[in-house]
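Hi there,

Here is the structure I promised to pass on. My notes on it follow below.

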Amino acid sequence: MKIAVCVKHAVDETELKVDAGGNPQLKGAATRMSTFDKNAVEEALRLKAAHQGEVVIVTVGTPEAKKTMKEALAMGADRGVLVSADPMAIDTRRTAELLAAALKKGGPYDVVLCSEGSSDMYSGLVPPMVGELLDLPYVGYARRIEVSGQAAKVERALEDSVEVVEAPTPLVASVVSEINEPRYPTLIQIMQAGRKPVEELSAEALIPGAGQSVSLVRGMKAQAMARKRVVFEGPPEETAKKLLEALASEGVLPR
Amino acid sequence: MATYSAEQRRLMETFYPDHHEEYSEVLSSLGTFMEKELLPISPKIDTGEVKIAGPRKALLKQGMCQIAFPEEYGGLGLPFSVYAVAIEMLGTAEASTCLSVEIHNAVAEGLNRFATDAQKSRYLPGLLTGDSLASFTLTEPASGSDAGTMATTAEKKGGEYSINGSKMFITNAGEADLYLVFAKTKKGPSCFIVESPTPGLSFGGDLKKLGMRGSRTSEVVFSDCRIPEGNLVGEEGKGADYAKEILHGARIIVAALNVGIAQIAYEKSLAYARQRKAFGKTISEFQLIREKIADMKTDISAGRMLYLYASKVKESGADYSSEASQAKVFSTEMSLRVCDSAIQIHGGYGYTTDELHRHWRDARLLTIGEGTSEVLRLLIARRELARSQ
């Protein structure tokens, strides 16, 4: 089985500073592999363990993205493809086009995995776009994937239910974090990852004009969230009941 | 909390301009493991709710003890300083596990230095991956730093040595698969490998300790414990020299461990000082608390520089016994100062909660273990007087 995993070298949102005007300070911000991408890599490695084959990491990024590539290779992926472009300077459509072009060039793949969304921007747009551009079925928000023969059975984690679908392979799927617990690469695997092959592709060579986006992000603002600061007083059995009632009335508990 | 800190990363960049990225990848990955898998269970290890065997094995499987060993035995071949920084991180995340791992690694380092190729091939790969655990047995009920007065004997009988005597305050005792044992032969203190189980090898109960409660400490007893003569490490009569060499390296590591303990006590103090209010403002705004914060931070930075400097001298191949001892004396005493200040900043909560005072209790061991501050001051003075002649 030939599996591709699309990953992103993302801004580390846990370290991101916001200035007094609410503007996130993206320049010079700490970066790392997008959190949920590790789940996608882990799932690919599990599929490989069950079906044999190869796991290829594909990313669109600056040279800095090699860190994420190396981390994914250290987890156990076999090789990588790095498409040179700054994902912060192009939109999701162009990112998806570049990923799809790289996947076409190195394909065909039986399964293409992505995470449900990147941990910095979290638009969730790229995975379905990649499916569309490759003309493959797309299954989003997978919490379980079983591949058998030429078909995959996928459990989709939706907001208040789980949907089980079957789709023919090849397919594109996005995974949610509950699908697995990503492994930690051992130190030896980290040292050896640098020796695994990584093919570097120029965005311009893949798609002429690849630097041109169809949409433009003019700015981003941090959203201030006001807290209600409700305090329940009394014995635990009473406050617990009040808390449950309050949460239910806010609509945050499943009914 | 990031276990691999910006300060540590900058020091790696300074010390290893050509290789720092690779070293930082290793340390960062290890730090993530410690932060997620060890730091959260550390309070439960202190109270005995969680035993360290599982987490320790997982950490060794990650490669914690492979860092500074040759690749031919399964190591990574990285500098000793990288291992020292990893130990500092582990001291921050989980001190008891760190103590156990530090002793284990010191034995592996001793074997790498003094054992035959056959002994190294037999034992090192398993020790480096954590498939087996090691223990260092030097101290006796009536002898500590004066190892020359040890009472444990090893008598050659045919193709075997018969070991008799007992060792005290032994970390990993009863859990380890391999014991590096120092015992006297006719030629003087000598060094042996004793595998467990071996008839005649037994252990006392787990000693109740002030701190480092997760690591097992007990007496090791040898009663006509017979081992093959091939288990002699190096030459007969040179055991005291080997022990000294092993301990010099271990002292750097103990220094790093104490910097790690001080670091977590400092971080907790910083967070508490920012949120605790008195007289209408946070206590971090009071000058006397700020003085403490400044002194704690300066102390920790100095300790870190000392253990890294000693590591670099060790890596150069020069005599580093004084530098290692300076690092240990300073960092162990510094750690106690910092942990004491942390208790003071936390006030009543500092004195009454394990979550805070366990750091002081953990740190308290190491002005005693692996060379007391008093003995090491004598060593430093002796070495520096000799160097100045």
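A word on terms before the helix pair: axes are lines fitted to C-alpha atoms, for helices over the stretch in contact, and angles run from 0 to 180 degrees between N-to-C directions. Please keep in mind that this is a predicted model.

In chain B, the axes of helix H10 (residues 321–346) and helix H13 (residues 373–387) come within 9 Å and cross at roughly 145°. The crossing of H10(B) and H13(B) is left-handed. On the H10(B) side the contact includes Ser321(B), Lys328(B) and Glu333(B), which meet a set in H13(B) that includes Leu376(B), Ile380(B) and Arg383(B). By type, the residues of this contact are four nonpolar, six polar and five charged.

Chain A has an open sheet of nine strands with mixed pairing, in the order S9-S8-S7-S10-S6-S1-S4-S5-S11. Its edge strands are S9 (162–168) and S11 (198–202). Within it, S4(A) (residues 54–61) and S5(A) (residues 79–84) pair in the parallel sense over six bridges, and Ile57(A) has Gly80(A) in S5(A) as its bridge partner. Helix H3 of chain A (residues 92–106) packs on the sheet, and its direction makes about 145° with that of S4(A).

Helix H1(A) also lies across strands of chain A, S1 and S4 among them, running at about 175° to S1(A). Its buried residues include Val41(A), Leu45(A) and Leu47(A). Just after H1(A), Gln52(A) takes a positive phi of about 65°.

Finally, the contact between the chains takes seven residues from chain A and 11 residues from chain B. The chain A side has six nonpolar residues, one polar and no charged.

Best wishes

Conventions
Residues numbered from 1 in each chain as written. Chains lettered and ligands numbered in written order. Predicted model: local features only at pLDDT ≥ 70, side-chain atom pairs only at ≥ 80, totals over all residues. Buried ≥ 20, exposed ≤ 12 C-beta atoms within 10 Å, placed from the backbone. Helix = DSSP H or I, 4+ residues; strand = E, 2+ residues; numbered from the N terminus. Contact = placed C-beta atoms within 7 Å. Nonpolar A, V, L, I, M, F, W, Y, C, P; charged D, E, K, R; others polar. Left-handed = near helix turned anticlockwise from the far one by under 90°. Pairing = 2+ DSSP bridges.
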